[in-house]
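Good morning, and thank you for the time. I should like to walk through one structure with you, step by step.

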Amino acid sequence: MSGPLVSETCPDPEEVSDLKSPLSSRFREPLTHARFQELFGGEKEPELPAEPCSPWLCRLWRRRACSCSGPGAWRVLQARLPPLRWLPHYRWRAWLLGDAVAGVTVGIVHVPQGMAFALLTSVPPVFGLYTSFFPVLIYSLLGTGRHLSTGTFAVLSLMTGSVVERLVPEPLAGNLSGIEKEQLEARRVGAAAAVAFGSGALMLAMFALQLGVLSTFLSEPVVKALTSGAAVHVLVSQLPSLLGLSLPRQIGCFSLFKTLAAVLMALAGSSPAELAISALSLALLVPVKELNVRFRDRLPTPIPGEVVMVFLASVLCFASSLNTRYNVQVVGLLPGGFPQPLFPRLDELPRILADSLPIALVTFAVSASLASIYADKHSYTIDPNQELLAHGVSNLVSSLFSCFPNSATLATTSLLVDAGGNTQKTDGGRRTWGSRLSGVQGDCFKATLAAQLAGLFSCIVVLSVLLWLGPFFYYLPKAVLACINISSMRQMFFQMQELPQLWHISRVDFAVWMVTWVAVVTLSVDLGLAVGVVVSMMTVVCRTQRVQCLALGLAEGTELYRPLRESCKLLQVPGLCILSYPSPLYFATRGQFRHILEWHLGLGCRSPKLGSLPDKGAGPIRVVVLDFSGITFVDAAGAREVVQLTGRCQDAGICLLLAQCNALVLETLTRAGLLDRMTPEQLFVSVQDAAAHALERLKTTDPKICTVWV
């Protein structure tokens with residue numbers, strides 16, 4: 001700044017000026033809409049004739065009339081059925097073969113994983129195949145995640161299995177007859193389908209209320225800690241199947257430790273044959289998973305280790321008669337075709353509604369998070385509310401066909417991306433499998449198109465197993481399915497490798513991750529989720545309460561105001577205090593706001609709790625400027641606190657000026673009675689204008705001020 005901010009004469013405080021310079025010797029008047037039209041002109045809006053109905057009814061009528069028009073209805077239909085947007089632009093000759101290869105690859109993996117995750121849900125393996133068919137088909141029609149692969153998910157299967165075991169426990173007597181065993185399985189299938197129906201209904205209710213924004217409350221540390229902790233539960237729950245032990249499933253809090261204790265006590269009775277099968281299966285699956293990750297850029301398609309393992313184990317068990325000679329548990333006969341549609345029993349819904357809520361939240365959290373990751377990577381957006389609709393309808397409709405809860409899956413989604421569907425945009429120009437076949441460069445693929453068509457090909461693979469290939473899985477040992485469950489948790493276990501980086505970036509997020517993980521492992525998955533969400537929200541509250549009020553000064557040679565703690569040379573004026581409070585002002589922060597302002601203005605003797613603050617300038621404070629640009633919202637308690645502060649400043653002879661209040665904050669303060677304590681001339685659109693006005697007031701009492709602020 002090259003000159004003084006004040007003139008030789010001091011104007012009347014009630015007088016206003018038309019000068020537009022923020023550094024003028026006279027302050028601006030409030031710029032209303034009428035004043036803006038007077039100064040800068042502009043065409044006046046034509047006056048509309050008076051309408052007989054109230055304004056809000058007119059707006060509602062116009063909105064409904066617009067939405068019910070032909071183009072409006074087509075836009076709504078396109079939003080609810082995404083294939084209507086991308087299917088007309090699909091390049092069938094160039095992209096179909098690549099999507100077919102990707103879909104078939106994922107479908108081959110769906111078969112063994114679906115049967116394996118069915119064991120986690122405590123239902124027969126064939127119902128895992130149903131859950132790998134119907135939800136994938138429905139999501140292909142309704143979902144907006146262009147890289148998502150839906151189906152069975154280990155975390156949801158584990159949570160659903162705990163509910164099923166609690167609602168339909170296995171009789172203590174054991175040694176059930178064939179009919180009793182079928183009845184027990186039917187009741188468990190019904191309970192699992194009821195959980196899927198309840199979670200789907202809850203997600204549809206969330207869609208109706210447009211609660212897709214709830215995905216923002218499930219932070220990344222919470223979701224990753226939840227999946228990592230659930231992977232530990234999956235590992236421990238599969239130990240009896242790996243060792244060939246027939247143990248009842250433990251549920252509730254501390255179930256992990258109860259299962260470990262039961263396995264250690266029954267370790268002497270483990271089956272050597274199933275133990276050998278488990279060791280050989282893991283020895284094959286784990287290296288294949290590692291090879292797929294290390295050479296993902298060189299392999300045309302990932303190696304289907306699960307399929308190879310299923311084939312080898314089935315042939316070995318059939319040739320050696322392991323099921324009859326060594327009592328190795330096998331999958332048995334998979335019924336062909338589809339089950340008859342059956343509506344879940346309504347009397348079960350009140351019992352499972354409380355259990356369906358955490359399952360619905362986990363479904364939405366995992367699916368929305370995974371969809372957002374790939375959407376950011378490939379430069380497109382997803383609609384969280386449409387995702388609620390897609391997964392809600394998917395769970396609701398599939399429950400009629402005896403399916404258990406489903407969601408997007410980490411392993412098959414990564415496999416779908418690596419397999420290289422042609423409608424997926426690749427990174428760095430790398431040629432995917434589909435681009436090699438069609439000769440089209442990966443970067444030429446339109447990011448605006450969707451890859452849900454690959455899901456239809458995976459459904460064809462599962463359908464062929466249900467209709468024709470089911471008998472080939474009769475001799476598949478269940479220990480192999482347990483090994484598939486454990487190997488599919490690889491990505492979740494390796495999420496712990498991110499902890500050092502998370503500690504370096506944010507120790508608060510690291511603490512949230514650790515607390516959530518410990519709660520999930522120690523208690524249960526649903527209780528751990530609740531603990532993680534509560535702790536994550538509490539950290540937000542604690543952060544807002546630890547914000548310090550900053551005293552600002554003018555940086556020499558600029559028009560910028562900086563905190564006085566910075567090393568740059570800042571200019572201060574005796575009697576003037578410029579404060580910035582960069583935090584929402586609500587019931588939890590009003591006390592801190594009051595104490596800090598009292599200390600700065602000399603209205604009280606308390607010192608703030610948050611460290612040392614800048615010293616006040618020499619002499620009493622006569623004008624204070626509050627920068628409200630960092631206050632995003634104010635509740636009733638915070639608004640009353642500002643009004644009370646205004647009155648106390650008036651009693652102490654301090655002029656209070658407010659700068660950069662957003663419209664919502666200003667409206668709340670006005671309703672709380674702020675304009676009863678101050679005039680509109682004390683409200684400014686910038687700190688510079690407020691400081692210029694403050695200098696005008698100070699100059700009337702100390703003419704030397706004009707030689708200080710240069």
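This is a predicted model: local features need pLDDT of at least 70, side-chain atom pairs count only at pLDDT 80 or more; totals for chains, interfaces and linings use all residues.

Residues are numbered from 1 along each chain as its sequence is written, and side-chain values use heavy atoms, with hydrogens and water left out.

Let us take helix H25, which comprises residues 525–545. Helices here are DSSP runs of H or I with at least four residues, numbered from the N terminus; strands are runs of E with at least two. The expected span of a helix is 1.5 Å times one less than its number of residues.

Which residues of H25 are buried? They are Val-525, Gly-528, Leu-529, Gly-532, Ser-536, Thr-539 and Thr-544. Because these residues cover an arc of only 155° around the axis, they are on the same side of H25. The arc is that of the directions from the helix axis to the C-beta atoms. An α-helix has 3.6 residues a turn, so residues three or four places apart point the same way. Buried means under 20% relative accessible area, exposed means over 50%, and partly exposed lies in between, with a 1.4 Å probe and protein chains only. The cover over the buried residues of H25 includes helices H8, H10, H16, H24 and H26.

Next, the surface. Phe-338, Leu-467, Trp-468, Leu-469 and Phe-472 make a nonpolar patch of about 550 Å². Such a patch joins nonpolar side chains (Val, Leu, Ile, Met, Phe, Trp, Tyr) within 5 Å, from residues with over 30% relative accessible area and no salt bridge. Trp-468 belongs to helix H20 and counts as exposed because its relative accessibility is 61%.

Phe-472 also touches Ser-314: beyond neighbours within four places in sequence, Ser-314 is in contact (heavy atoms within 4.5 Å) with Phe-472, Tyr-475 and Leu-476. Ser-314 sits in helix H14 and, at 9% relative accessibility, is buried.

Finally, two loops. Ser-122, between helices H5 and H6, has a positive phi near 65° without being a glycine, and is buried at 13%. Gln-210, between H9 and H10, is likewise not a glycine and has a phi of about 55°; Gln-210 is partly exposed, at 44%.

How values were computed
Patches are made of residues with over 30% relative accessible area and no salt bridge: like charges are joined within 9 Å, nonpolar side chains (Val, Leu, Ile, Met, Phe, Trp, Tyr) within 5 Å. Accessible areas come from the Shrake-Rupley method with a 1.4 Å probe; for residues, only the protein chains shown count as cover. A salt bridge is a side-chain nitrogen of Lys or Arg within 4 Å of a carboxyl oxygen of Asp or Glu.
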